[in-house]
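Please provide a briefing on the structure below, written for a reader new to it.

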Amino acid sequence: MISKLKGVIPDDIYTELDLILKNRQISASQLAHILGNCQHECQWRIYEENLNYKPDRLLAIFPTRVKTIEKATSLCKEGVKAIGDFLYGGRMGNSATEGYTFRGRGCLQLTGKTNYIAFDATVIDDITNSPDLVKTKYKLTSAFWFFDTNKIWSLALDVSDKSILAVRKKVNGGTIGLEDTSLKVKNFYKLLI
């Protein structure tokens, strides 16, 4: 089934997918869902949250965390580590100074020390002490882990609009990117069947 993806997805993603599927089986619709969501999230080139924001954008993207333009301006002046530590520090298993260390990585942006530790238990490498492996060696594997952990596979049994919406809500927490993801999921499915 995945031979149809050769040249459609990047070679490193294809190789990782081939390794993943040696140990598990999923349907064409399930594969279309994960690939469509991954492609939407990372565009097959952005495997790390860089946190390099301008104040107005930081305020717009994280309104529940960054409440004023003054705070956004101050964080941006301090740099990406300060932004990461402010956004993710003291939550998701992170200490106050670990937010940047455990920022989003991989195709679906694995975030937070709790998730890194849980994912670490499923692979041979030490992810907790080498989190950059999620953006290099395990970018797609971490997405499969996310689908496993959040029980998304059972929502991906077809590529109906209802199914695509349900999966997107689990991946994104809402419907941001739904139209683009829907197109990608359906295109992958057509290619795979």
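The briefing below begins with the basis of the model and then takes each topic in turn.

This is a predicted model, in which local features need pLDDT of at least 70 and side-chain atom pairs count only at pLDDT 80 or more, while totals for chains, interfaces and linings use all residues. Residues are numbered from 1 along each chain as its sequence is written, and side-chain values use heavy atoms, with hydrogens and water left out.

**Nonpolar cores**

- A nonpolar core is a set of buried Ala, Val, Leu, Ile, Met, Phe, Trp, Tyr and Cys residues joined through side-chain atoms within 4.5 Å. Buried means under 20% relative accessible area, exposed means over 50%, and partly exposed lies in between (1.4 Å probe, protein chains only).
- The largest nonpolar core has 33 residues, of which L5, L31, I34, W44, C107 and L140 touch the most other members.
- Two or more residues of this core come from each of α1, α2, α8, α9 and α10 (178–192); helices (H or I, at least four residues) and strands (E, at least two) are DSSP runs, numbered from the N terminus.
- Helix α2 gives the most to this core, with seven residues.
- Another core, of eleven residues, lies apart from it and includes L58, L75, L87 and Y88.
- In soluble globular proteins, nonpolar side chains tend to be buried together.

- Helix α8 spans residues 139–149 and is mostly covered, with eight of its eleven residues buried.
- The buried residues of α8 are K139, L140, T141, S142, A143, F144, W145 and F147.
- Their cover includes α1 (11–21), α2 (28–42), α6 (113–120), α7 (133–136) and α9 (161–172).
- With neighbours within four places in sequence left aside, L140 is in contact (heavy atoms within 4.5 Å) with I13, E16, L17, I20, C38 and C107.
- Just after α8, K151 takes a positive phi of about 50 degrees.

**Cysteines**

- A search of the whole structure finds zero disulfides, a disulfide being a pair of cysteine sulfur atoms within 2.5 Å.
- C38 is in no disulfide, and the nearest cysteine sulfur, that of C107, is 4.3 Å away. C38 has a relative accessible area of 0% and is therefore buried.
- C42 is likewise in no disulfide, and its nearest cysteine sulfur, also that of C107, is 4.0 Å away. The relative accessibility of C42 is 0%, so C42 counts as buried.

**Pockets and cavity**

- On a 1 Å grid over the protein atoms alone, a cavity is a set of points where a 1.4 Å probe fits but cannot get out, and a pocket is an open set with protein on both sides within 12 Å along at least five of seven lines; lining residues have an atom within 4 Å of a point. Grid points are joined across faces, edges and corners, and a volume is the space filled by probe spheres set on the points.
- The largest pocket has a volume of about 1100 Å³. It is lined by 26 residues, and those closest to its centre are E41, E49, Y53, Q109 and N172.
- Helices α2, α3 (55–61) and α9 each supply at least two residues of the lining of the largest pocket.
- The lining of the largest pocket divides into 13 nonpolar, seven polar and six charged residues. Here Ala, Val, Leu, Ile, Met, Phe, Trp, Tyr, Cys and Pro count as nonpolar, Asp, Glu, Lys and Arg as charged, and the others, Gly among them, as polar.
- The second largest pocket holds about 350 Å³ of space. Of the 19 residues that line it, the closest to its centre are I20, T122, V123, Y138 and T141.
- Helices α1 and α8 are the elements that give two or more residues to the lining of the second largest pocket, which divides into eight nonpolar, five polar and six charged residues.
- The count of cavities of 30 Å³ or more comes to one, and the largest cavity has a volume of about 30 Å³.
- The largest cavity is lined by L108, Q109, L110, S142, A143 and F146; by class, four lining residues are nonpolar, two are polar and none is charged.
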